[in-house]
Amino acid sequence: MNTTYYLTTAIAYPNGEPHIGHAYEYIATDVMARFKRLDGYDVRFLTGTDEHGQKMQQTAQQQGLAPLELATRNADVFRKMDDDVLDISYDRFIRTTDDDHKASAQEVWRRMEANGDIYLDTYSGWYSVRDERFFADDETHVNDEGVRIATETGTEVTWTEEESYFFRLSNYADKLLAHYRANPGFIAPQTRANEVIRFVEDGLEDLSISRTSFDWGIPVPQATDPALKTDKQHVMYVWVDALTNYITGAGFPDADSELTRYWPADLHVIGKDISRFHCIFWPAFLMSAGLELPKRVMIHGFLNNEGEKMSKSLGNVVHPAGWVERYGLDTVRFFLLREFPFGADGSYSHEGVVRRKNADLSNNLGNLAQRSLSMVYKNVDGQVPQPGELTAQDEKILADAAGLLETWRTHFEVQDFYRALGAAWKVLDDTNSYFAEQQPWVLRKTDEARMQTVLWVTLEVVRRIALLIQAVMPESATKLLDALGIEASADAGRTNSSGQGPRSYAAWDDKLAPGTPVAKPTPVFPRHEEDE
């Protein structure tokens, strides 16, 4: 492995329990990481928590805790979800309270200051503690209860005046627009890119990047320019701190670290509510600090519960552990990527998950594997059959299956998991039809050699599908490969060791070896049955 691939989720603000929206982002990024590892890449996968800010400090005070105690307790909840519920294959769980992250953020600040992009002034404006964000007057309104709120987010804002360091974001509009033009895949999907471009074209205002009204944050480093020196104690505004985590995770600022190996990041995966920060602020900070920009920011949509936005007040928030317990982890992973395109908003329901589980998994892939393997176990002495001369129909089915890896590579480069899975299930549909038309149970009595050929062709399609879907459904795919007698190797994309061996994509064209023992099959995708 000599080709690297560095990808990240957004880091979660751990002020509440993780919900299925968090899981959606982590699962999709995990699928991407596993796919790349299976395809021989040296992958580094970063996730974690964003732990500073006034909101965390206030919550800690209300609970009688030190901010770090609260941050640690809540970060552990997210890590437990990643480890014990979702089986996320991250390489590092970063916390913005980590020592190396403090050094990284302060070095970025020094570089931006040295570039002349930081100045000292006073900020007056409407501030939302919950959003950790300032809003212009025309971005707020007074609601029916007489409370001024941010129009965009619906959160309460208060008038704030304090000394602040500012970043000269206004100087970067033309540079950002030039970068967007030169790199059309930098922001995806295109609808989100268009929103960002329009925002930048309307003009950028300088950005307040420090606070003095609280102290739970990374201290601003001592200024070298006399004009920037102050007696007040400033901490970094959350976005300078939080966004820097991506280069901390690659080893910045240690010149002897893995930074040159993994940076720039190949992919940031984020939600649409933070696209402005990742597509405008982050590249501007990096330009100012003299660092390369990430190659791509993929913005996913929101998950709705039966068409309604999740909210505590509606009581429709779905927690990942409950979903996984009810349907199984692989079913949840499959549903979230198969049901709707990744860049669009989507909706989930119990009926939708059950439909996908029973139709796509149990009736389609599961039934095809179970029927073909059962016939082999009973009629070919439990061994992969010896194929005879292939017909044009056999060749067509095999060729369609063989082409799936390149199809997936193309779709995964743009995080189009929906179309990738659709292509695989089209081949499965065709193979089920082929199996039904060929009627190997009839051929068993009339043409045993042809029966063995049909069974071999079917199993070879199942092998290729099972290899592919290790990235999406690692546990189920492993069971299928076990049933086919494929020598166990690595860990279904969990680590870089998956990039070689008979279960890696390097073995894509190896084909099933006749005579390989297969075990008595058991259903890999049992149907979902409702409890009494």
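1. Thr-458 counts as buried, because its relative accessibility is 0% (buried means under 20% relative accessible area, exposed over 50% and partly exposed in between, with a 1.4 Å probe and protein chains only). This residue lies in helix H18, where helices (H or I, at least four residues) and strands (E, at least two) are DSSP runs numbered from the N terminus. Leaving aside residues up to four places away in sequence, Thr-458 touches Leu-368, Ser-372, Thr-431, Tyr-434 and Phe-435, contact meaning heavy atoms within 4.5 Å.

2. The model is predicted, with local features needing pLDDT of at least 70 and side-chain atom pairs counting only at pLDDT 80 or more, while totals for chains, interfaces and linings use all residues. Residues are numbered from 1 along each chain as its sequence is written, and side-chain values use heavy atoms, with hydrogens and water left out.

3. An open sheet is formed by 6 strands with parallel pairing, in the order S3-S2-S1-S13-S14-S9 (two strands pair if DSSP finds at least two bridges between them). Strand S3 (92-95) and strand S9 (187-188) each have a single partner strand, so one side of each is left without a neighbour in the sheet.

4. Within this sheet, strand S13 (residues 267-271) and strand S14 (residues 297-300) run parallel and are joined by 4 bridges, and His-268 has Val-297 in S14 as its bridge partner.

5. In helix H15 (residues 404-413), the buried residues are Leu-404, Leu-405, Trp-408, His-411 and Phe-412. Seen down the axis of H15, they fall within an arc of 130 degrees, so they line one face of the helix (the arc is that of the directions from the helix axis to the C-beta atoms). These buried residues pack against helix H1 (20-38), helix H14 (392-402), helix H16 (417-438) and helix H18 (448-468).
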